[in-house]
Amino acid sequence: MKPKIGVIICGFIEDKQFVTNAYIQSIRYSGGIPLILPLIRSDRMLEEYTSLCDGFLFCGGGDITPLLFGQEPKSGNGKNNITLDLFQIRLMKRVLSSRKPVLSICRGMQIFNVACGGTIFQDISLQPGKHLDHMQQSFSRQEVSHKIFVTPDSQLKKYIGSYLFVNSYHHQTLNKLGKSLKVCATASDSTIEAIEMLSHPFAIGVQWHPESMYRSSPEMRELFGNFILKSATTH
Ligand code: MN
């Protein structure tokens, strides 16, 4: 039986809940069954979602409401949807305590960090020091834009190696790390590009978009493949 992967909706705009196709296709081609999990305001439903699926994918999207990580809005903060934020943060907490595999991408990684008590720089201009342009301007989302350095003793390194080039579509970055998390990749400007949870079978967050690089990058296929494999075997 193929593992069922809950793909949490990426956004909720004009009365439509949606997931971007590349996430669904990456799960499918890696051997999982993608199940889209919509926003429903019910704790009972969060419980049902958590037991229904074998693994969980949190996607990219808009900015998290700053109050949810203890800050008031600063210049550069984008659009927020607190109902979606609370739904995703609550679901993330349940998923993490179930110890089922979870891969979180871009905004998903920020949800992962905030759910563990971490904070976000609301705009990269608020991060101390000089920084790269992390909002790439290329024609295609599968093109790479900057290098990342992967932490030697991380789980992520087993899947993607010591360093590689990734795409970059974020204007926010991680600041304070949440509890039990470690940095597992950084860019040359010290921006946190990936995190993982200590002593968890598979809880990895990446700031770039591996789903957009799926066809061109063996490393990204390896990352998705191991996520699906862990989902099939972790109970
Ligand atoms: Mn980046």
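Modeller: In this predicted model, donors are N, O and S atoms within 2.8 Å of the metal.

Colleague: Which residues are the protein donors of the manganese ion?

Modeller: The manganese ion has as protein donors His134 through ND1, His146 and His170 through NE2, Ser168 through OG, and Glu193 through OE. They lie 2.2 to 2.3 Å from the ion.

Colleague: How are the donor residues spaced in sequence?

Modeller: The spacing is H-x11-H-x21-S-x1-H-x22-E. His134 is in the loop between β7 and β8, and Ser168 is in the loop between β9 and β10, so this pair ties together parts that are 34 residues apart in sequence.

Colleague: Is His134 buried or exposed?

Modeller: His134 is buried, at 2% relative accessible area. Ser168 is also buried, at 0%.

Colleague: Changing topic, how many salt bridges does a search of the whole structure find?

Modeller: The search finds four. One of them joins Arg94 and Glu47, with the closest N and O atoms 2.2 Å apart. Arg94 lies in helix α3 and Glu47 in helix α2, so the pair ties together parts 47 residues apart in sequence.

Colleague: What about Arg107 and Asp85?

Modeller: Their side chains meet in a salt bridge at 2.7 Å, N to O. Arg107 belongs to helix α4 and Asp85 to helix α3, so parts 22 residues apart in sequence are tied together. Both residues are buried.

Colleague: And where do Arg44 and Glu48 lie?

Modeller: Both are in helix α2, four residues apart, and therefore separated by about one helical turn. Arg44 is exposed at 62% relative accessibility, whereas Glu48 is partly exposed at 37%.

How values were computed. Residues numbered from 1 in each chain as written. Predicted model: local features only at pLDDT ≥ 70, side-chain atom pairs only at ≥ 80, totals over all residues. Heavy atoms only, no water. Donors = N, O, S within 2.8 Å, 3.2 Å for Na, K, Ca; no water. Helix = DSSP H or I, 4+ residues; strand = E, 2+ residues; numbered from the N terminus. Buried < 20%, exposed > 50% of the residue type's maximum accessible area, 1.4 Å probe, protein only.
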